Amino acid sequence: MILRDRIAVVTGAGSGIGRAGSMVMAREGAAVVIADRDKEAGEATACDIRAAGGRAEAVTTDVGDDAAVEQLITSAIGKHGRIDILHNNVGIGAGDAPPHHLTDDAYDRIMDVNLRAMWRTCRAAVPHLRLSEHGAIVNVSSLAAIGAAPALTAYKLSKAGVNALTQNLALSNAKHGLR
């Protein structure tokens, strides 16, 4: 078990890539904090992990809210004493369109959820991840960030921003053992 005794916080863990990542990390020995705004989906993921013999707890949270993100990280540290892994998976694309059809509201919502929320969770977690001297951040992006996606303006821009954020995090935290 390569993640034995590690503590992982996974956002968007109620479904999709977040759920799958949570299941794998738990199977590899990590205690997983399942963060999702959908309480039932988060609880289902945590329940499935526990049923398979893993350790997991569900926390209902909205990564679009600064205070909720701070509470997520603070509560994980309060319960486990530290965090070792932050796995960001939240992402949306609803309302996206080519640039000349994209509304301000849709653009703002997609950017806030896909990029700013990842920045929020990283901002809250990095000081604690640095303390472990072996921390890791996994930010899920998309091939849309580097490929053709003419109908996905805000989604593409947000995921390109995730790539840039992740590079910056890696370069500015490598000396602290954070990858």
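Gly 81 is exposed, with a relative accessible area of 59% (exposed is over 50%, buried is under 20%, and partly exposed falls in between, using a 1.4 Å probe and protein chains only). This is a predicted model, where local features need pLDDT of at least 70 and side-chain atom pairs count only at pLDDT 80 or more, while totals for chains, interfaces and linings use all residues. Residues are numbered from 1 along each chain as its sequence is written, and side-chain values use heavy atoms, with hydrogens and water left out.

Gly 81 sits in the loop between helix H3 (66-80) and S4. Leaving aside residues up to four places away in sequence, Thr 61 touches Ala 35, Asp 36, Arg 37, Ala 68, Val 69 and Leu 72 (contact means heavy atoms within 4.5 Å).

Now for the chain as a whole. Going along the sequence, they follow the pattern β-α-β-α-β-α-β-α-β-α. The radius of gyration is 16 Å, close to the 16 Å that the globule rule gives for 179 residues, so the chain is as compact as a globular protein of that length (the radius is taken over C-alpha atoms, and the rule is 2.2 Å times the number of residues to the power 0.38). Along the principal axes, the C-alpha trace spans about 50 × 40 × 30 Å. Buried residues make up 47% of the 179. Of the contacts between residues at least 6 apart in sequence, 66% join residues at least 24 apart. The chain exposes about 8900 Å², and carbon and sulfur atoms supply 57% of that (Shrake-Rupley method, 1.4 Å probe).

What about the gaps? Rolling a probe the size of a water molecule over the atoms shows where empty space is left. On a 1 Å grid over the protein atoms alone, a cavity is a set of points where a 1.4 Å probe fits but cannot get out, and a pocket is an open set with protein on both sides within 12 Å along at least five of seven lines; lining residues have an atom within 4 Å of a point. Points are joined across faces, edges and corners, and a volume is the space filled by probe spheres set on them.

The largest pocket has a volume of about 350 Å³. Its lining has 20 residues, and Gly 12, Asp 36, Arg 37, Val 90 and Gly 91 lie nearest the centre. Helix H1 (16-27), strand S2 (31-36) and helix H4 (104-132) each supply at least two lining residues. The second largest pocket comes to about 150 Å³, and its lining includes Met 25, His 87 and Arg 179.

The count of cavities of 30 Å³ or more is one. Thr 11, Val 63, Asn 88, Val 90, Val 113, Ala 117, Met 118 and Thr 121 line the largest cavity, and H4 gives the most to this lining, with four residues. By class, the cavity lining has five nonpolar, three polar and no charged residues (Ala, Val, Leu, Ile, Met, Phe, Trp, Tyr, Cys and Pro are nonpolar; Asp, Glu, Lys and Arg are charged; the others, Gly among them, are polar).
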